[in-house]
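Dear colleague,

Please find below the structure that I am handing over to you. My findings follow it, arranged by topic.

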Amino acid sequence: MELALLGVVAVLVIVAVAGVAPRIGVAAPVILVLLGTIGGYLPGVEPVVVDPEIVLMVVLPPILYAAAVNVPLMDFRRNFRAITGLSVVLVVLSAVVVGLVLRLLLPDLSFAAAIALGAVVAPPDAVAATAVGKKLGLPHRLVTVLEGEGLVNDATALVLLRSAVAATAATAASVEVADVAVDFVRAVAIALVIGAAVGLAAVFVRGRMSDPVLSTAISFAVPFVAFIPAEHLHASGVLAVVVAGLLTGHLAPKHLSPADRISERTNWRTAQMLLENGVFLLVGLELHGIVDQVADDDLSVGQAVAIGVLVAAVLTVVRAGFVVPLVASLRRERRRAVVRAAHLDSVLSRIEEARTVLPPEILEDPRFRERGRRVTRKIRRRRADLGSLQADGLGWRGGAVLAWSGMRGVVTVAAAQTLPADLPYRPQLVLIALTVAIVTLVVQGGTLPWVIRIVGVQGTDEDVEREQLATLVGEITSAGVACLENPSLRRSDGSEFPPETLEGVRDAIRRTASLLTVHGAEDGQGPASDHHALRRRAIEAERAALADARTSGAHPSHVVDHVEHLLDLEEARLDLA
């Protein structure tokens, strides 16, 4: 009963904080950690102890899947170099540096054990950073890098932690760096295969279902279907979940119905919000119990906290030092992109010129045309990648934000408590890890909005985005109109569609296109804004009439419910437009 009451209170607190945090300009995770810490020390509140395996095996997979399914695979691929550097190289570097620092401060601690704690505190949690970044309008590329880093760095840290813990149980002579490297590569390879297989199978099965409720229910099982086999084979379950999520998000528009995607998006956003914020609340609540476990005769609470603060500072310095050459290399890549883009433009021009001089029999050859389409498509995709690098580069201002976005969270707290029970200073090491998480969340998370404003990072230009939107809407509108003008367009019985019906559909396509491009001015005036305002007023009147119909009982309740559902869909469409 007490556990159920605690769960209800936690949900209410999470919802309240999630609603208030944007208004006061503070990330919700920061507030939840502080509230949890205060709540843990209230009179009558027993110390909260949660099995770390529950967090790592029950909470973490759906959190990562929900984040991965919403990260466009194209953006992930375009930023693969930056994401890999931050989520693999930086995590390993941070773990080693922290291990060396702890080895100096705690001589009784073996180097393998020190590396284990280094792996625990190495991966940043991107939840707080991306929440603040999206609210303040950070460039899309910077947000993508942060999200991608948060997805992959957990896998690196947990594989490194497992290898380090295994080394603590072995003799120093039996531990080889090559063995750890082979184990790491093996864990990654198996995870990639399992994640890809699960992602493809899930989309295949869900694509053949007509009920969006059943399809969404299957999606809730996908992260665990990817995680459990990978862990059973001693691979990275976290990476398997991320791969499954990325593939699902990439293939969903082609294979899943609109109803499936809408249902999944809404349900997963709710689950993600509760799980992520719940973990941060749990971080604060567990502090009391962890402090009680620290034995003063070995290492006092104050000393452990001081070491935690020092480790947090070391991690910040290491991250900043790594970001500097990373940004420099990305800037060089951007300059090279200008030259390569010009070269690809020249290649495309020569291809178009060649088509004008080739004999008709060659141009009409199906094999030649298909091969030409494939080559042109690859070149255009590469040209688009280079154009993205030029338009949305990651400069020094963005690098400063990236360097300060090193908040630790769920993985650090849960992984710390998986450290072996016979490890020297284990309670103190857990407290050090928790201190790192709280300090980085409060200090860096709390000041990140200020840093963003001070460095003056500029988001994507609204005029440019409006132009891009208009261009894309124009392209898809042309495709829709061209479909209607196809002479071979027929009904299922082979007869022609009535001309007035075709013209009505054409008008609907053009009307939708004009709304999507949003012609209104900044003050909210214009055709699109007027349409939205008038349609909303009409919906209000329709809802009032529907309420009268429900009260009078003049129509069957299931008919009233169906009409209400249609109005809900229409209003939701206006909210998304």
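**Helix H8**

Helix H8 (residues 140-168) has 29 residues and reaches 42 Å from its first C-alpha to its last, close to the 42 Å expected at 1.5 Å a residue. Of the 29 residues of H8, 23 are buried, so that the helix is mostly covered. Please bear in mind throughout that the model is a predicted one.

**The protein as a whole**

The protein contains 22 helices and 0 strands. Of its 577 residues, 42% are buried. Among contacts between residues at least 6 apart in sequence, 81% join residues at least 24 apart.

**Helix H11**

The kink in H11, of about 30°, lies at Gly-249, shortly before the proline Pro-253. H11 is mostly covered, with 14 of its 19 residues buried.

**The nonpolar cores**

The largest nonpolar core holds 123 residues, and those touching the most other members are Val-120, Val-311, Leu-402 and Leu-429. Helix H18 (residues 426-455) supplies the largest share of this core, 14 residues. Another core, of 8 residues, lies apart from it and includes Ala-337, Ala-341, Val-347 and Leu-348.

Which residues does Val-311 touch, not counting those up to four places away in sequence? They are Val-98, Leu-102 and Val-121, together with Ile-432 and Val-436.

**The crossing of H3 and H10**

Two packed helices are described by the angle between their axes and the distance between the axes. For helix H3 (residues 52-68) and helix H10 (residues 212-232), the axes come within 9 Å and cross at roughly 115°. This crossing of H3 and H10 is right-handed. On the H3 side, the contact is made by Leu-56, Met-57, Val-58, Pro-61, Pro-62 and Tyr-65. H10 contributes Ser-219, Val-222, Pro-223, Phe-224 and Phe-227.

Helix H3 also holds Val-55. Val-55 counts as buried because its relative accessible area is 9%, and buried means under 20%. Not counting residues up to four places away in sequence, Val-55 touches Val-50, Leu-60, Leu-282, Val-410 and Ala-414. Val-55 and Val-411 are 356 residues apart in sequence, yet their C-alpha atoms are 8.4 Å apart in space.

**Two residues with positive phi**

Most residues other than glycine have a negative phi. His-234 has a positive value, near 60°, and is placed in the loop between H10 and H11. For Tyr-425 phi is also positive, near 65°; this residue is found in the loop between helix H17 (410-416) and H18.

Is each of these two residues, His-234 and Tyr-425, buried or exposed? His-234 is exposed, because its relative accessible area is 51% and the limit for exposed is over 50%. Tyr-425, in contrast, is buried, because its relative accessible area of 17% is under 20%.

Yours sincerely

Note on methods. Residues numbered from 1 in each chain as written. Predicted model: local features only at pLDDT ≥ 70, side-chain atom pairs only at ≥ 80, totals over all residues. Heavy atoms only, no water. Core = buried A, V, L, I, M, F, W, Y, C linked by side-chain atoms within 4.5 Å. Buried < 20%, exposed > 50% of the residue type's maximum accessible area, 1.4 Å probe, protein only. Helix = DSSP H or I, 4+ residues; strand = E, 2+ residues; numbered from the N terminus. Contact = heavy atoms within 4.5 Å. Bend = angle between axes of the 7 residues up to and from the residue. Axes fitted to C-alpha atoms, helices over the stretch in contact; angles between N-to-C directions. Left-handed = near helix turned anticlockwise from the far one by under 90°. Expected span 1.5 Å × (residues − 1).
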